[in-house]
Amino acid sequence: MTLKELEIGKSAVITAVGGNGALRQHFLDMGVIPGAEVTLAKYAPMGDPMELVIRGYKLTLRLAEADQINIEPISEKSITNTPASAPQHMSHPGLGEGGKFHPKGSGDPLPEGTVLTFALVGNQNCGKTTLFNQLTGANQHVGNFPGVTVDRKDGAIKGHPDTLVTDLPGIYSMSPYSSEEIVSRNFVLDEKPKGIINIVDATNIERNLYLTMQLLEMNIPMVVALNMMDEVRENGGTIDINGLESMLGVPVIPISAAKNEGVHELIDHALHVAYYQERPMRQDFCDEDDNGGAVHRCLHGIIHLIEDHAKRSGLPVRFAASKVIEGDSMILSQLMLEENEKEMIEHIVLQMEAERKLDRSAAIADMRYSFIHKVCNQTVKKPHESKERIRSEKLDRFLTGKYTAIPSFIGIMGIVFFLTFNVIGAWLQELLEIGINR
């Protein structure tokens, strides 16, 4: 049975993910992994695409894509654990306070006069543009990235002329699926910004943290801007900020970009980690105990093999190792591995696949989502849906319903035509006639 055949309101477990190349990798990066549970929410009015609920967020797939995903129906979804009680309030650490992230203190500061360059990275619809506007104000320059028609916006942080923030396109992962993802990844790898500001939607944290984990692997000083925290609080949710940044190994700043809350603290931390080049304290997310540690052994074996190549190519070794396992052609070409090294890597990966009972790309994606699940279980109490969202969904169900969508469209268009020609249009016509006659 494929996902295309699932009925509305029914749930299933994904058993296999089809597709080829970048498209299949995109499925995996979105959390469509064997073993994941999925529920069909609804179809579009014309029957395509379909809206699914997976890993706590909503995903839209075309029927042709859903037909490549095999499933096994289940009667009940498993219960997702959440913290038994709301995290206790604790003050947020200051800049470098107590060597929280770097026990030996801050790193060597950059030379005076160095322009602190930042990459602003985040998923689509996470408030990235709003935050960029708050950071830079009117100090913005708009253009295109070289060779592609992808918008590039740069600007200095207000009050800090020796900074430059580049607003990268909204992406879901660092896999080369779309031109936006290629541009964003190449900017971080090639331009080597002094710091990364990773904006995360706090109301959809499970989905957003996948990109965060890939950014941590790049070993660049980083702060996480946890956006829309006002919505989380107002709807009964809580996030243990100190616990979250302890597990991620980078500063996590709760903000509301739309209300300009927490932005000044975010700027202070971003400038601090960039100036002192305080890199993430954690890049290793594989668990030696999970599933026999197959992914852990595979990753660390490949890290030792490619370490010298990654250093010569200027690539972060942990990020390069995970991409080598996934078969990323761009990274493999940059590493310039010898044939015997490629053969050794292939043997290591094949052994991991046999032990893990997942193909290489799915195993890496599952490792990341397993860590995200652990983080969210320990630090996040999810908010309930807001009244506005519930009202919006009820309206959507009526306006896009199978039997009500077309009549609704005809009714709305009828009202528009009536107002245009019989009310507003007639009134404007009378005004024109009065003006012409005079």
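**Exercise 1. Which residues does Q134 touch, not counting residues up to four places away in sequence?**

Solution. The model is predicted.
Step 1: Q134 sits in helix α3, residues 128-136.
Step 2: check accessibility. Q134 has a relative accessible area of 18%. The cut-off for buried is under 20%, so Q134 counts as buried.
Step 3: list the contacts. Q134 touches K158, A257, A258, N260 and V263.
Step 4: A257 is among the members of a core of 24 residues.

**Exercise 2. Locate L215 and find its contacts.**

Solution. 
Step 1: the element is helix α5, residues 205-216.
Step 2: relative accessibility is 0%, so L215 counts as buried.
Step 3: leave out residues up to four places away in sequence. L215 then touches V121, M174, I196, N198 and M222.
Step 4: take M174 from that list. L215 and M174 are 41 residues apart in sequence, and their C-alpha atoms are 8.1 Å apart.
Step 5: Of contacts between residues at least 6 apart in sequence, 70% join residues at least 24 apart.

**Exercise 3. Trace helix α9 from its span to its surroundings.**

Solution. 
Step 1: compare spans. α9 (residues 294-313) has 20 residues and reaches 27 Å from first C-alpha to last, close to the expected 28 Å.
Step 2: find the bend. At I306 the helix bends by about 55°.
Step 3: list buried positions. In α9 these are A294, V295, H296, C298, L299, I302, I303, I306, H309 and A310.
Step 4: recall helix geometry. An α-helix has 3.6 residues a turn, so residues three or four places apart point the same way.
Step 5: name the cover. It includes α10 (317-326), α11 (329-335), α12 (339-356) and α13.
Step 6: follow one residue. Beyond four places in sequence, I302 contacts A321, V324, I325, I345, I348 and V349.
Step 7: step past the end. G314 follows α9, and its phi is positive, near 75°.

**Exercise 4. Which residues of the largest nonpolar core touch the most other members?**

Solution. 
Step 1: the core has 89 residues, and L3, I14, I205, L226, I239, I302 and I306 touch the most other members.
Step 2: helix α13 (residues 360-379) gives the most to this core, with 10 residues.
Step 3: a separate core of 24 residues includes L120, V165, A257 and I267.

**Exercise 5. How many disulfides does a search of the whole structure find?**

Solution. 
Step 1: the search finds zero.
Step 2: C298 is buried at 3% relative accessible area, and C376 is buried at 9%.

**Exercise 6. Compare the span of helix α15 with the expected one, and find its kink.**

Solution. 
Step 1: α15 (residues 405-437) has 33 residues and reaches 45 Å, close to the 48 Å expected.
Step 2: a kink of about 50° is centred on G425.

Technical notes:
Residues are numbered from 1 along each chain as its sequence is written. This is a predicted model: local features need pLDDT of at least 70, side-chain atom pairs count only at pLDDT 80 or more; totals for chains, interfaces and linings use all residues. Side-chain values use heavy atoms; hydrogens and water are left out. A nonpolar core is a set of buried Ala, Val, Leu, Ile, Met, Phe, Trp, Tyr and Cys residues joined through side-chain atoms within 4.5 Å. Buried means under 20% relative accessible area, exposed over 50%, partly exposed in between (1.4 Å probe, protein chains only). Helices (H or I, at least four residues) and strands (E, at least two) are DSSP runs, numbered from the N terminus. Contact means heavy atoms within 4.5 Å. A disulfide is a pair of cysteine sulfur atoms within 2.5 Å. The expected span of a helix is 1.5 Å times one less than its number of residues. The bend at a residue is the angle between axes fitted to the seven residues ending there and the seven starting there.
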